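Take a short walk through this structure.

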Amino acid sequence: MVFMALAVLAAASPAVADDAAVARFHHDRAVRFFGQGRCEAALQEFFLEQQATQNPRTAYNIGRCFQELGRTRSAFLAFSEYLDRLPEGEEDGGARASAQAVLDELAPRVARLRIETDPPGATVYVGD
């Protein structure tokens with residue numbers, strides 16, 4: 001009888017997945033969708049993966065999806081984020097060089113603005 005009471009309590013508690021398991025689930029789905037040429041679906045899954053765990057490699061995958069979809073500015077931002085967040089010297093299987101090559105190719109087609117403030121960290125307002 002005690003065993004039954006414990007079983008009821010266990011069934012009443014909600015199941016909780018850890019962030020790494022959630023990220024793996026969405027990553028696997030994204031890779032499958034990307035392989036099928038379903039880049040919009042893959043992009044959604046990669047964003048869910050990124051929400052679960054902050055991994056710079058996910059930004060690279062997001063960039064690849066945007067690139068396949070012809071969304072130049074978004075691809076540029078994603079690959080830039082990847083390169084900014086990837087620790088120096090970390091082995092990446094050639095993805096760093098690939099991302100840099102894409103940025104070099106896209107740079108002439110993307111408008112960029114660099115703002116430096118004096119004093120550093122000042123708040124900048126544009127428009128209203």
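Thr 117 sits in the segment that follows helix H6 (95-106). Helices here are DSSP runs of H or I with at least four residues, numbered from the N terminus. This is a predicted model, in which local features need pLDDT of at least 70, side-chain atom pairs count only at pLDDT 80 or more, and totals for chains, interfaces and linings use all residues. Residues are numbered from 1 along each chain as its sequence is written, and side-chain values use heavy atoms, with hydrogens and water left out.

How exposed is Thr 117? Its relative accessible area is 25%, so it counts as partly exposed (between buried, under 20%, and exposed, over 50%; 1.4 Å probe, protein chains only). The side chain of Thr 117 reaches two backbone nitrogens: that of Gly 121 at 3.2 Å and that of Ala 122 at 3.3 Å. Leaving aside neighbours within four places in sequence, Thr 117 is in contact (heavy atoms within 4.5 Å) with Ala 122 and Val 124.

Now the helix pair. Two packed helices are described by the angle between their axes and the distance between the axes. Helix H3 (residues 39-52) packs with helix H4 (residues 56-68) at about 160°, and their axes lie 9 Å apart. H3 and H4 are therefore roughly antiparallel, a term for angles over 145 degrees.

Which residues of H3 meet H4? Cys 39, Ala 42, Leu 43, Phe 46, Phe 47, Glu 49 and Gln 50 do. Their partners in H4 include Ile 62, Cys 65 and Phe 66. By class, the contact of H3 with H4 has 9 nonpolar, 3 polar and 2 charged residues. Nonpolar covers Ala, Val, Leu, Ile, Met, Phe, Trp, Tyr, Cys and Pro; charged covers Asp, Glu, Lys and Arg; the others, Gly among them, are polar.

How values were computed: Axes fitted to C-alpha atoms, helices over the stretch in contact; angles between N-to-C directions. Helix = DSSP H or I, 4+ residues; strand = E, 2+ residues; numbered from the N terminus. Parallel < 35°, antiparallel > 145°, perpendicular 65-115°, else oblique. Polar contact = N/O pair within 3.5 Å; in protein donor to acceptor, adjacent residues only side chain to side chain.
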